[in-house]
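Me: I've got a model open and I'd like to learn how to read helix packing and cores. Can you walk me through it?

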Amino acid sequence: MVAGWLAAAIIAIPSTAAPQTPLPDTIPIFPLEDVMLFPGMSVPLHIFEPRYKAMIADALKGNRIIGMVLLRPGYEKDYERSPSVFQVGCAGVINDVEQLPNGEYNITLGALTKYRITREEASKPYRIAHVTPIADPIAEADTPTLHVRRQRLEALIRESGGRTGVRAAPDGISDEGLVNGISQLAHIDELDRESLLEQPTPLARANTLIAILEKMIAERQ
């Protein structure tokens, strides 16, 4: 479900969610095995399971916020119930929605904030989590170093020749946007992707991402 920038499938675009939108104490969560949302980004999703169609219908009647979260390995045996998920995810606001004649939805979810699950409740057919927001700050002192890391990431994209799944970055994207976009779209292991999301700052994420891509490129040469 993921593809690189400039590919014909999914394109990483900045979120249009208002950054001042507060994260509620409880949100519906949408667990997936390999698709994630990163700060400042958007992701298109096709919703077809009955419980998640109900989730979207309810969200559209309210604040339009749902939380993306990654399923833990071994989820298959309990998928129809409540398989284990990682505690850190990214909440987003439904920016665009298309309801299909069969009741399924195509939506675009724009990132709002990272969050941590503190507990869940079983009040709906879909999963509801109690959450606390997690900041993803850029310290002013980190800005020059982050720009240097951006240049290294762009060099790795060129060096990979498309093997990372990211072909080129859009013009005008910020250093933070480049890091988060590659983290969301690159063809990397889902556990590595979760590790990237859990990094406390964009600079820490950039450092981790560089190490992941360098290893990937070395292994595929």
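Reply: Axes are lines fitted to C-alpha atoms, for helices over the stretch in contact, and angles run from 0 to 180 degrees between N-to-C directions. This is a predicted model, where local features need pLDDT of at least 70, side-chain atom pairs count only at pLDDT 80 or more, and totals for chains, interfaces and linings use all residues. Residues are numbered from 1 along each chain as its sequence is written, and side-chain values use heavy atoms, leaving out hydrogens and water.

Me: How do α4 and α5 cross, and at what angle?

Reply: Two packed helices are described by the angle between their axes and the distance between the axes. Here the axes of α4 (residues 190-198) and α5 come within 8 Å and cross at roughly 160 degrees (helices are DSSP runs of H or I, at least four residues, numbered from the N terminus). α4 and α5 are therefore roughly antiparallel (over 145 degrees).

Me: Which residues make the contact?

Reply: Contact means heavy atoms within 4.5 Å. α4 brings D192, S195, L196 and L197, while α5 brings R205, T208, L209 and I212.

Me: And which residues touch the most other members of the largest nonpolar core?

Reply: In soluble globular proteins, nonpolar side chains tend to be buried together. A nonpolar core is a set of buried (under 20% relative accessible area, 1.4 Å probe, protein chains only) Ala, Val, Leu, Ile, Met, Phe, Trp, Tyr and Cys residues joined through side-chain atoms within 4.5 Å. Of the 50 residues in the largest one, L45, I182 and L213 touch the most other members. Helix α5 (residues 202-219) gives this core its largest share, 8 residues. A second, separate core has 14 residues, including L23 and I27.

How values were computed
Helix = DSSP H or I, 4+ residues; strand = E, 2+ residues; numbered from the N terminus. Parallel < 35°, antiparallel > 145°, perpendicular 65-115°, else oblique.
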